[in-house]
Every structure is written in structure tokens, then in C-alpha cells.
Amino acid sequence: MRWSIKYKLPLMSLLLFLLVGLSMLSYQHFFILGSGRQSLQTNQENLDRISIEVSRGISDRYPHLDQIIEYIKGTAQTQSINISVYELNKEIVFQAKYQNDENDRNDRNDQNNQMFRIKSHDIVFANGKATYLVEIENSFGVKEILGLSIVENFVFFTLTVLSIILLWLVVYLHYDIVKPLSLLQKSFGLVGYSKNQLSFLPQKRNDEIGDLSAGFEKMVMNLGDSYNQQLEMISSISHDLKTPLTSIMGYIERLLISNIKTEEKKREYYQIIYQKAEDI
């Protein structure tokens with residue numbers, strides 16, 4: 001199967017994007033949501049405990065309404081909760097809401113904020129019979145439920161995953177693309193007509209770099225064949241030149257050394273020398 005770089009890089013980017021998304025979703029599911037559920041459970045248990053204490057406080061002050069109202073107002077401010085007291089027929093008797101300056105400023109924006117509201121109910125017994133129904137309510141923002149440390153850990157986790165993926169991507173690009181191209185570039189200085197070293201060529205690959213390497217190797221082999229052909233041609237030409245030149249030198253030597261008296265013989269030698277030169 002051919003793994004083309006023009007398809008492999010986009011596919012790799014898509015896989016990395018999916019990996020980051022799955023990592024963040026996994027972290028959110030196993031850590032953030034788990035921590036949020038644990039925090040809500042803890043707050044619910046705490047609210048149930050406060051509900052029991054408020055019921056006992058109202059029972060101790062019954063039937064003095066002034067003391068009961070003062071008690072639940074103070075408790076609402078101290079515990080930062082809302083307290084509602086109902087008759088058993090669910091008609092409200094009195095109510096106390098936790099208020100501070102910050103809440104006053106943010107009351108208008110509560111609808112735009114994601115809030116978690118938890119409630120707890122308990123029955124007030126006075127003089128051995130059920131008297132009131134107490135409802136305790138508390139509201140929490142997302143930051144309060146999750147906590148600042150969870151947000152910081154999520155950011156740290158995301159940055160860590162991105163750093164690992166970027167590091168892996170850099171290593172992959174270096175060893176899969178940059179290094180093979182560097183080896184191929186190094187091989188350019190080791191080839192020529194008289195030297196053909198292919199030890200630095202990248203390994204066989206089924207992509208564009210593999211095609212480039214195969215083409216370069218074929219070019220080097222063609223250069224070697226061409227060099228050998230040139231050597232054979234020069235050797236053949238040298239041999240073809242050496243034979244007539246030897247004859248020419250031999251006949252000239254005879255003319256210089258031998259005492260040739262007849263002009264006809266000299267003319268014959270001159271004719272042979274001329275013919276050999278013409279052959280060359």
C-alpha cells in the first residue's frame with residue numbers, strides 16, 4: 001500500500017486533533033465531572049446536616065416566632081443559605097435569604113450563569129407533634145463546584161497533552177521527512193563519473209521520498225554505466241590510433257636509417273605513410 005505524504009500529513013493532523021479531543025473529553029468525564037459529583041454530594045450532605053440543626057433550633061424556640069425569625073435570619077447569613085419555613089399544608093410562614101453586597105450586584109445576572117441549586121427538607125417537631133416543614137436551599141456556581149484547582153489542572157493537562165503531541169510531531173517529521181532528505185542531499189556529494197557511493201541513500205519507502213530516492217539511485221547507476229562506456233570507448237580509440245601510428249613510425253624510421261636507393265621504393269613508403277595518416 002502506498003502512503004503518500006500529501007495524504008499522510010493531513011491524516012496525521014486529523015488523528016492528532018482527534019487524540020487531543022478524546023484526551024480532553026476523557027479528562028472531563030473521569031476527573032472534572034467526577035470531582036463535580038463528589039463536590040455536590042458533599043454539599044448535599046452538609047446541607048442535610050444544617051437542615052437538621054435548623055429544625056432543632058426552631059423546635060427549641062417554639063412557639064416564640066420572634067426568636068425563631070431572628071434565629072433563621074442569623075443562620076441564613078452565617079451559613080450563606082436560604083431558609084423557608086412552611087406550615088404542614090405547604091403555606092409559607094416565614095423566609096430568610098442570604099444577602100451580601102456581591103449577591104446584590106449579581107442577582108440580575110443569575111439567569112445568565114450556570115447555577116447548581118440543592119435543597120434539603122426536614123420536619124420540625126414541637127411538643128411531640130409535627131409543626132413546620134423546613135426547606136434549606138443553597139446555590140453554587142460552576143467554579144465553586146469544580147474548584148479553581150480543577151480548572152488549573154484541566155489547563156495543565158491540556159497543555160501537557162499538546163506539548164507531548166507537538167514533541168511527537170517534531171520527532172516524526174525529523175525522522176520521517178527531514179532526515180531522509182538530509183541523507184539524500186549528503187549523497188549528492190558522493191556520486192560522480194568516477195565514484196558512486198549509495199550508502200547514504202534513505203531506506204526503501206513507498207512514498208514521494210522513496211520515489212525520489214529510487215530516481216536518484218537510477219541516475220547514479222546510469223552515470224556509472226556512462227563512465228564505463230566512456231572508458232571502453234577511449235580504450236578502443238587508443239587501440240585504433242596506436243596501430244597505424246606504429247606503422248607510420250616504422251616506415252619513417254626505415255626512410256631515415258635505411259639506405260634506400262630507388263625512388264620507387266621511397267615513393268611506396270611515402271604512399272603507405274600517407275594512407276595510414278588518412279586512415280587515422
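**Salt bridges and the nonpolar core**

Author: In this predicted model, Glu-137 and Lys-119 form a salt bridge, with their closest N and O atoms 3.9 Å apart. The two residues join distant parts of the chain, since Glu-137 belongs to strand 4 and Lys-119 to strand 3, 18 residues apart. Glu-137 counts as buried, because its relative accessibility of 17% falls under the 20% limit for that class. Lys-119, by contrast, is partly exposed, with a relative accessible area of 40%.

In general terms, side chains of opposite charge can pair when their charged atoms come close. A search of the whole structure finds three such salt bridges.

Another of them brings together the side chains of Arg-49 and Glu-53, at 2.9 Å from N to O. Arg-49 and Glu-53 are separated by about one helical turn, because they stand four residues apart in helix 1. Arg-49 is partly exposed, at a relative accessible area of 41%, and Glu-53 is likewise partly exposed, at 37%.

There is also a salt bridge between the side chains of Lys-265 and Glu-268, at 3.5 Å from N to O. Both residues lie in helix 7, which covers residues 263–279, and they are three residues apart, about one turn of the helix. Lys-265 is partly exposed at 34% relative accessibility, and Glu-268 is partly exposed at 39%.

The largest nonpolar core has 18 residues, of which Val-54, Ile-58, Ile-72, Ile-83, Val-85, Val-134 and Ile-136 touch the most other members. At least two residues of this core come from each of helix 1 (5–61), helix 2 (65–79), strand 1 (82–87), strand 2 (92–96), strand 3 (115–126) and strand 4 (129–141). Strands 3 and 4 thus hold Lys-119 and Glu-137 respectively and also supply core residues. Helix 1, where Arg-49 and Glu-53 are found, is a further contributor to that core.

Leaving aside neighbours within four places in sequence, Ile-72 is in contact with Ile-58, Ile-83, Val-85, Phe-94 and Ala-96. Three of these partners, Ile-58, Ile-83 and Val-85, are themselves among the core members that touch the most others. Apart from this core lies another, of six residues, including Val-20, Val-161, Ile-165 and Tyr-172.

Methods
Residues are numbered from 1 along each chain as its sequence is written. This is a predicted model: local features need pLDDT of at least 70, side-chain atom pairs count only at pLDDT 80 or more; totals for chains, interfaces and linings use all residues. Side-chain values use heavy atoms; hydrogens and water are left out. A nonpolar core is a set of buried Ala, Val, Leu, Ile, Met, Phe, Trp, Tyr and Cys residues joined through side-chain atoms within 4.5 Å. Buried means under 20% relative accessible area, exposed over 50%, partly exposed in between (1.4 Å probe, protein chains only). Contact means heavy atoms within 4.5 Å. A salt bridge is a side-chain nitrogen of Lys or Arg within 4 Å of a carboxyl oxygen of Asp or Glu.
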